Amino acid sequence: MIVQELHAIQERCGYLPAAELRALSERINAPLHRLHEVASFFPHYRMRPPAAVEVQVCRDMSCHLRGSVGLRRNFEALANELGPSVVVQGVSCLGQCDCAPSAVTINDHVYWGLSDEELRNRVQAAAAREPLPHQHRDRAPAGWRIDPYEGKPRYDALRAFVKTPDPAALLKALEIAGLRGMGGAGFPTFRKWAAVRNEPGEVKYVICNADESEPGTFKDRELLRRTPYLVIEAMVLVGLVTGAKQGYIYVRHEYHDEIDALEDALKQARAENIIGPNVLGSGQSFMLEIFISPGGYIQGEESALLEAMEDRRGEPRNKPPFPVQQGLFNKPTVINNVETLAWVPAIALRGGAWYRDQGINGATGLRFVSISGDVNQPGAYEVPLGQTVRDLIFNTAGGVRGGQKLKAIATSGPSGGFLPVFIPVASLPEKFVKERLPAAAAGLDILDLKLDFNTMGALGAMLGAAFVVFGDRANMLEQALNCVEFFRNESCGKCVPCRLGSQKLVELIGAMLAGRCPRPQLELVNELTQTMTLTSICGLGQVAGNPIASVLKYFQQDVGK
């Protein structure tokens, strides 16, 4: 695969030298322009030698809220001291949101949670051409209910399935569980597996989408590092159920510890015949390998991910057909999120009802949530679906930091926009008011909002993997600008509504902040947002206007500032 070959060259050389590209072109018999076509698209690749010291500061959502602008200025001041060999720039979310604002890379080493002095020492060491230390996270088991093996992989679910294969029973357990796509889409898992199982053909694929790049999201990071064996076991089960014989774990390149954990788990799984040409002596084959992402938020969109794996620019495909019919190399393909797969072994062993009954307040199931921003205890937590916003913020995450009052929440990172602490009845869907509010209620206290797929859908909101909290010091118009800039930066540029619309939104919000946007022009924002939602090819363009649309709807006091 071209993408992986380019990754190997950059790992060895630090960039993609022309001579190396020519040699690769000859070796794999691919025209040189094909290599440039791919390499020029992805942000991870460098076509020129990098600076002696390259510092990248996360600029998105949680880090921005917590002060990454000031951190970047500190690095720029240090760069002025050390000379032109040090280059400082911003970078899209690094998946270290629980350690905001100190998520940075220094010469491709990812650092988080370090003091200003420690970061300064790292830069000075790099400038002196000293080797930089790696920073590592704990791999120890966390005592989660998702892990039936308590940190000691036994692959009991797979062993039981191989002994008594019953695909229908496993699909039924997933249906009873109500397990959905935990990357944000919420599509029923059993339907996706069943669709691929029922597709004709001998060649099928299984892909784990571990390219979590949504600002505010880092739960898959924890699952990959602490419980990689759950993902591996689930992927083998998918293969046996659907008839797929090849799987890939598509993981973001910044997750160095997680890639190491996956490689160690795969090595052990091969040694125990969990994966390979004869899975546990069943006579069935399932091969599994890691595919390291070349970067870019858009690669989290499943069809863009497929394009990258097929040696093309990672641009979304028009749908239909969907991946379950024509996925990788136009073959039926199951694509599941890390968390979705990780729940499968426990459900297979304990039954669908076990998972279903873990929900509260009328909801079903469990989920992992990444909570960050203005909370005292940011982190990735295993929580029941149906948990209220009050319980999540004040019991799970320790309350709002710095003595602030709660001002807003984002329940799906930047994609879902912002919700205020109180939503009046006039701003709520009529059906939601009739079915979910007490009689004569003036509106919805956001702390009472139940976090489950059905409730959020009825509200017209999104329940994603990222939950970001904003205290009363935040200017929501300025936060909306940061979110829309993220979408503008990460747009692949394939479709005109997204490519031009996201830039226009940035310009309009900037004019609002500068006091140069007359009130009549504000209607342009809503019109542009609606147009992008209706006409963009993929989810990025369809949700890019949500942050500013929600600010105009709920936070007029900040628009007027």
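How many bridges join β9 to strand β15, and in which direction do the two run? Four bridges join them, and the strands run parallel. The model described here is predicted.

## Strand β9 and its partners

Strand β9 covers residues 366-373. A hairpin of five residues leads from β9 to β10. Within this pairing, Val369 has Tyr381 of β10 as its bridge partner.

In a regular strand, side chains alternate between the two faces of the sheet. From β9, Leu366, Phe368, Ser370 and Ser372 point one way, while Arg367, Val369, Ile371 and Gly373 point the other way. Residues on both sides are buried, and the strand is mostly covered, with eight of its eight residues buried.

## Trp144

Trp144 lies in the loop between α6 (116-127) and α7 (156-163). Is Trp144 buried or exposed? Its relative accessibility is 15%, and buried means under 20%, so Trp144 counts as buried.

Apart from neighbours within four places in sequence, Trp144 is in contact with Glu222, Leu223, Arg226, Phe368 and Glu382. Among these, Phe368 belongs to the group of β9 residues that also includes Leu366, Ser370 and Ser372 and points one way from the strand. Trp144 and Val383 are 239 residues apart in sequence, and their C-alpha atoms are 9.8 Å apart in space.

## Helix α21

Helix α21 is made of 17 residues, 519-535. At 1.5 Å a residue it should span 24 Å, and its end C-alpha atoms are 26 Å apart, which agrees.

Which residues of α21 are buried? They are Leu522, Val525, Thr529 and Met532. Seen down the helix axis, these buried residues fall within an arc of 80°, so they line one face of α21. They pack against four helices: α20 (496-513), α22 (539-543), α23 (546-554) and α24 (556-559). The face turned away from the buried side carries the exposed residues Pro520, Gln530 and Leu534.

Methods: Residues are numbered from 1 along each chain as its sequence is written. This is a predicted model: local features need pLDDT of at least 70, side-chain atom pairs count only at pLDDT 80 or more; totals for chains, interfaces and linings use all residues. Side-chain values use heavy atoms; hydrogens and water are left out. The expected span of a helix is 1.5 Å times one less than its number of residues. Buried means under 20% relative accessible area, exposed over 50%, partly exposed in between (1.4 Å probe, protein chains only). The arc is that of the directions from the helix axis to the C-beta atoms. Contact means heavy atoms within 4.5 Å. Two strands pair if DSSP finds at least two bridges between them.
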